[in-house]
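Let's take a walk through a protein model together. Keep the sequence and the 3D view open while you read.

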Amino acid sequence: MASKTTLNAKNLEALGAERLAQLLIEVSTGNAAAKRKLRLALAGAQSPREAAREITKRLTSIARARSFITWKNRKALVTDLETQRRAIVEQIAPADPDEAVALMWRFMALATPVFERCDDSSGTVIGIFRQACADLGQLAGKVRPEPQALADAVLDALQDNGYGQYDGLIGTMAPALGEKGLAALRSMAEELGRSPVPVPPKDQWKAVGWGPGGTAYEHETRARERASTVTMALKDIADAQDDVDGFIAQYDPKTRKVPQIAAEIAQRLLAAGRADEALGFLERAELGDGLRVPLAWQDIRLQTLGALGRGKEAQAFRWDCFERTLSDGYLRAYLKRLPDFDDIEAEERAMAHAMVYPRFLHALQFFLEWPALDRAAELLVARHDEIDGDHYEYLAPAAEALSERHPLAATLVLRAMIDFTLTRSRAKRYRYAAEHLATCARLACDIPDFGAFETHDAYVARLKEEHGRKFGFWSVAE
């Protein structure tokens, strides 16, 4: 059983209302966020209308604020925004969904003024607005507003989407919009796309940036933003209406050949039962040298070949994907579809291919993840001159994984990191390099024959000769 002094709801209830009220006053003194929560709770206890009024006041205050928010004081803003969002959903919506929708629109309108004065490098703040956007769709679905009015509101919002806060708005609003609302939204978006942005007289052009293409002017930027908004809206509307051809129409023929775009189109065609057309788009994609083919393109091509019953071709493509990427997922899928015993021979062939794969780190990572530690050790010994000691994020785990059964290979990895650190005088890594050297000393006891490589003593002697004046390192290592 929990102690009676454990902080939980049951134990706190035992203190009684009067004592709890006194404690809350004490705890909230000097804590603005706590005071706002308490005032909101008191307002909610009176009525949802009072709670809505309290939320409105706070949203107005946030919108009017001008002080810049850095990563150091961002937590208070995050807490404040999340408190208001949750209050709309949990306190207002059950009693007055119409008011909740209005408040959530108002909450979303905070995004632009907030981001104009906020460092959101962590993505925490935009995450709150993305959740609020999803909430807005759910709330609107319960209220079922007039389709045309909702379509107007959605299009207005999308034109103020400078920070991506309304990304996904059409998808989340689709149930509330219904076919009538989606049709109205599509018509308005198309009309917006046909409406040119006014071009002022040349002596009134306002420069807003400079680049390789020359000066960028405000009206040109606005025209590009409008075109992007219209295209995004029409694609999202097409998805909401299961209109594959409408989605495809938003891309010009040249853009449809971009592998990532071809994959998006093919995915929708495949879902619509149009596998032949899907494969056509995939085959027309311009893959360049084929070394950096998007995974999405590869995966949807495999799905399409499967849907068309072209199993042999799909199997050959799995092997091709593995050869190019060393992705263990493709290899496992390939081996799974082979007859018994054929998979053993194919796996051996895959290991041999990985041994000579041009990108050394990819090959090492493949062997570690398969796992094939014997092969990883063989790779490190055979291609030791390719070990780049700067990639400690890959090499440190490799050394740890190999140290028990393959001490020589682990030692080569550790030496590569030590050599890089000392040669480049990376003083911040000296402590780690010293630890690696100590590990090498321990592993040396388990290496009966260093073969063509230096013994541990010879290696240490060379380090002292070449880097003896790096006192920061030796003071830690000795």
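To start, two strands count as paired if DSSP finds at least two bridges between them. Helices (H or I, at least four residues) and strands (E, at least two) are themselves DSSP runs, numbered from the N terminus. One thing to keep in mind: this is a predicted model, where local features need pLDDT of at least 70, side-chain atom pairs count only at pLDDT 80 or more, and totals for chains, interfaces and linings use all residues. Residues are numbered from 1 along each chain as its sequence is written, and side-chain values use heavy atoms, with hydrogens and water left out.

Now find strand β1 (residues 207–211) and strand β2 (residues 214–217), which run antiparallel and are joined by 4 bridges. Together they make a hairpin, with 2 residues between them. Look at Gly-211: its bridge partner in β2 is Gly-214.

Next, hop over to helix α5 (residues 74–92), where Arg-85 sits. Is Arg-85 buried or exposed? Its relative accessible area is 10%, so Arg-85 is buried (buried means under 20%, exposed over 50%, partly exposed in between, using a 1.4 Å probe and protein chains only). Setting aside neighbours within four places in sequence, Arg-85 is in contact (heavy atoms within 4.5 Å) with residues including Met-104, Phe-107 and Asp-135. The side chain of Arg-85 also has a polar contact of 2.7 Å with that of Glu-82. A polar contact is a pair of N or O atoms within 3.5 Å; within protein, one must be able to donate a hydrogen and the other to accept it, and residues adjacent in sequence count only if both atoms are side-chain atoms.

Last stop: Thr-112, in helix α7 (residues 111–115). With a relative accessible area of 15%, Thr-112 is buried. Not counting residues up to four places away in sequence, Thr-112 touches Asp-160, Tyr-163 and Gln-165.
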